[in-house]
Amino acid sequence: MPPRRLQFVGAGDFLATGDEFLGHLVDLAGLEPRSDVLDVGCGIGRIARPLAGYLTTGRYAGFDVDPRGIAWCRERYPADRFRFDLVDLRNARYNPDGRLSPLDFRFPYDDDAFDVAIMTSVVTHLQAAECEHYLRETMRVLRPGGRLLATFFLLDDGSRAALRAGRTTIPFHDFEEAEMAVSDPRLPEEAVAYDARWVRERLDVRRIEPGTWRGTDGRSYQDIVIACA
Ligand SMILES: C[S@@+](CC[C@H](N)C(=O)[O-])C[C@H]1O[C@@H](n2cnc3c(N)ncnc32)[C@H](O)[C@@H]1O
């Protein structure tokens with residue numbers, strides 16, 4: 001459990017959110033104790049923590065742009081099974097002075113290296129071209145039949161109606177026709193929503209679980225998308 005000053009990954013309960021997503025990975029993405037797992041934008045190990053107690057022969061790899069989170073995780077997880085990479089990629093919200101563009105970034109893993117990939121609250125902070133590139137790279141490193149569990153704010157009939165009625169927890173702007181909408185035009189990376197059709201055109205989507213951000217009941221806060229490699 002990282003100290004409070006290092007918890008830059010969201011306002012929710014760190015332990016409960018990690019445990020919640022371990023359940024989603026098992027129930028929705030076919031995670032098994034022997035699965036090899038990639039955690040894109042792994043932050044401060046919110047998902048790595050429950051995986052450390054769950055994976056047996058499976059290996060874990062995560063990368064992020066924040067040196068504090070990566071340094072903390074490297075010191076605490078067994079290096080033979082848990083690998084954490086720091087990459088100095090630019091993100092206006094999380095790493096404004098980063099040297100590298102995420103658009104040119106090839107994930108540092110071989111093709112077909114993982115059974116399950118997870119992106120929790122990551123594409124919600126990426127611009128459209130970056131998101132598209134990350135989805136493609138994730139599919140490259142997943143084995144055929146592998147699963148991606150990614151969280152999104154999806155724009156569809158339900159969420160657009162909720163946005164019109166002011167029922168959502170986040171007020172996205174210009175969402176009617178857009179492929180991508182943001183909550184703060186001055187800092188787009190604060191929160192980004194994607195049109196559900198745009199996502200389906202880029203991923204082999206097998207399941208969507210609408211989230212409570214829409215002002216309705218849901219399995220999680222953000223929408224969960226399960227896609228197949
Ligand atoms: C809201 S936090 C979520 C962290 C983690 N996925 C979790 O659920 O605890 C968003 C994370 O995305 C990372 N991030 C931002 N831009 C990134 C990029 N281009 N590549 C990888 N990670 C990025 C941030 O540093 C931050 O750790």
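Which residues does leucine 126 touch, not counting residues up to four places away in sequence? In this predicted model, local features need pLDDT of at least 70 and side-chain atom pairs count only at pLDDT 80 or more, while totals for chains, interfaces and linings use all residues. Residues are numbered from 1 along each chain as its sequence is written, and side-chain values use heavy atoms, with hydrogens and water left out.

Leucine 126 touches Asn91, Cys131, Tyr134, Val192 and Tyr194, where contact means heavy atoms within 4.5 Å. Its place is in the loop between β4 (114–119) and α4 (128–141); helices (H or I, at least four residues) and strands (E, at least two) are DSSP runs, numbered from the N terminus. Leucine 126 is buried, with a relative accessible area of 7%. Buried stands for under 20% relative accessible area, exposed for over 50%, and partly exposed for values in between (1.4 Å probe, protein chains only). Between leucine 126 and asparagine 91 there are 35 residues in sequence, but 7.6 Å in space, C-alpha to C-alpha.

A polar side-chain atom of arginine 46 lies 2.7 Å from an oxygen atom of the ligand. A polar contact is a pair of N or O atoms within 3.5 Å; within protein, one must be able to donate a hydrogen and the other to accept it, and residues adjacent in sequence count only if both atoms are side-chain atoms. The ligand is surrounded by 19 residues, the closest being Gly41, Arg46, Asp64, Thr120 and Tyr134; a residue is near a molecule or strand if one of its heavy atoms lies within 4 Å of it.

Asp64 belongs to strand β2, from which Tyr60, Gly62 and Asp64 point one way and Ala61 and Phe63 the other, all of them buried. Five of the five residues of β2 are buried, so this strand is largely enclosed by the rest of the structure. Strand β1 (residues 37–40) pairs with β2 in the parallel sense over four bridges, and two strands pair if DSSP finds at least two bridges between them. β2 and β3 also pair in the parallel sense, over five bridges. Alanine 61 has leucine 38 as a bridge partner and arginine 83 as its partner in β3.

β2, α3 and β3 make a right-handed β-α-β unit. A crossover is right-handed if, with the strands pointing away from the viewer, the path from the first strand over the helix to the second runs clockwise. In helix α3 (residues 67–76), the buried residues are Gly69, Ile70, Trp72 and Cys73. They cover an arc of only 165 degrees around the axis, which puts them on the same side of α3; the arc is that of the directions from the helix axis to the C-beta atoms. The cover over these residues includes β2 (60–64) and β3 (82–86).

Serine 35 is found in the loop between α1 (14–29) and β1. Serine 35 is buried, with a relative accessible area of 4%, and its side chain reaches the backbone nitrogen of glutamate 32 at 2.8 Å.
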